[in-house]
Amino acid sequence: CVAVCRLFAAGAAGPLLPPGPRPPTLPLPLPVPEPPVIYRPPTVPVPARRCTVAVSLLRVNYSGGNEGNDWRIRTTVQGREFRFRQRTINQGTTSAFGQEVFKEEVGNCNSAITIDIVCTAIEVDSPDPNEVGSAERQVTLNCPQQRIVRIPVTVDSAVMTFVLSVDAVCS
């Protein structure tokens, strides 16, 4: 038992290695550095630019048969009607208007836009019934774009040609 007791006593005092140089110890694994944190600001979606459409009645040309010279002119764009005061327009002449009849944001920039336009011409006959003609047109254009649109309206034998400017601009 003396030999076993010495062995335990030696283990309690230190390692059970022979005297002399100690064997090399294995290095502990080095910590792996974490990748650097790169700040990226939050992405905010850029709102789509809108397309503003303006429609102006430039003039009305009166051709064809003579149905009278007292006229009421109306334009309806996208369901919004614009009425002009009654005016005298003689057969074979052009009446200048130069009036914006519609302006509104319609759709997005860099896209196709379709506008509904209705033109109405009324020849006022008192006491007889008025003579009325109307024509509708869908105008498609890419925003931004400008177009001159001619819409002929037949009133019995007369033709009233509405000349409109349609401007689509990015806003």
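Start with the whole protein chain in cartoon view. It holds one helix and nine strands. The model is predicted. Trace the chain from the N terminus: the elements run α-β-β-β-β-β-β-β-β-β.

Next, colour by burial. Of the 171 residues in the protein chain, 30% are buried.

**Stop 1: the four-stranded sheet**

Select β5, β1, β9 and β8. In that order they make an open sheet with antiparallel pairing. The edge strands are β5 (94-108) and β8 (145-155), and each of them pairs on one side only. Look along the sheet. Its neighbouring strands are turned by 20 degrees against each other on average, direction ignored. As background, strands of a sheet pair through backbone hydrogen bonds, either parallel or antiparallel.

Now keep β1 and β9. Residues 50-64 form β1 and residues 158-170 form β9; 13 bridges join these antiparallel strands. Pick V60 in the viewer. Which residue is its bridge partner in β9? The partner is F162.

**Stop 2: the β2-β3 hairpin**

Select residues 70-77 for β2 and residues 80-83 for β3. The two strands pair in the antiparallel sense over four bridges. Show T75: F82 in β3 stands opposite. Then move to the turn. Two residues lie between β2 and β3 in this hairpin.

**Stop 3: the nonpolar core**

Hide the cartoon and show side chains. In soluble globular proteins, nonpolar side chains tend to be buried together. Here the largest nonpolar core has 34 residues. Select V53, V55, L57, W71, I73, I117 and F162: these have the most contacts inside the core. F162 is also the bridge partner of V60 from the first stop.

**Last stop: I117**

Centre on I117, one of the core residues with the most contacts. Leave out residues up to four places away in sequence, then show what I117 touches. The partners are V55, T76, V77, A135, E136, R137, V139, I151 and V166. V55 is itself on the list of core residues with the most contacts.

How values were computed: Residues numbered from 1 in each chain as written. Predicted model: local features only at pLDDT ≥ 70, side-chain atom pairs only at ≥ 80, totals over all residues. Heavy atoms only, no water. Buried < 20%, exposed > 50% of the residue type's maximum accessible area, 1.4 Å probe, protein only. Pairing = 2+ DSSP bridges. Axes fitted to C-alpha atoms, helices over the stretch in contact; angles between N-to-C directions. Core = buried A, V, L, I, M, F, W, Y, C linked by side-chain atoms within 4.5 Å. Contact = heavy atoms within 4.5 Å.
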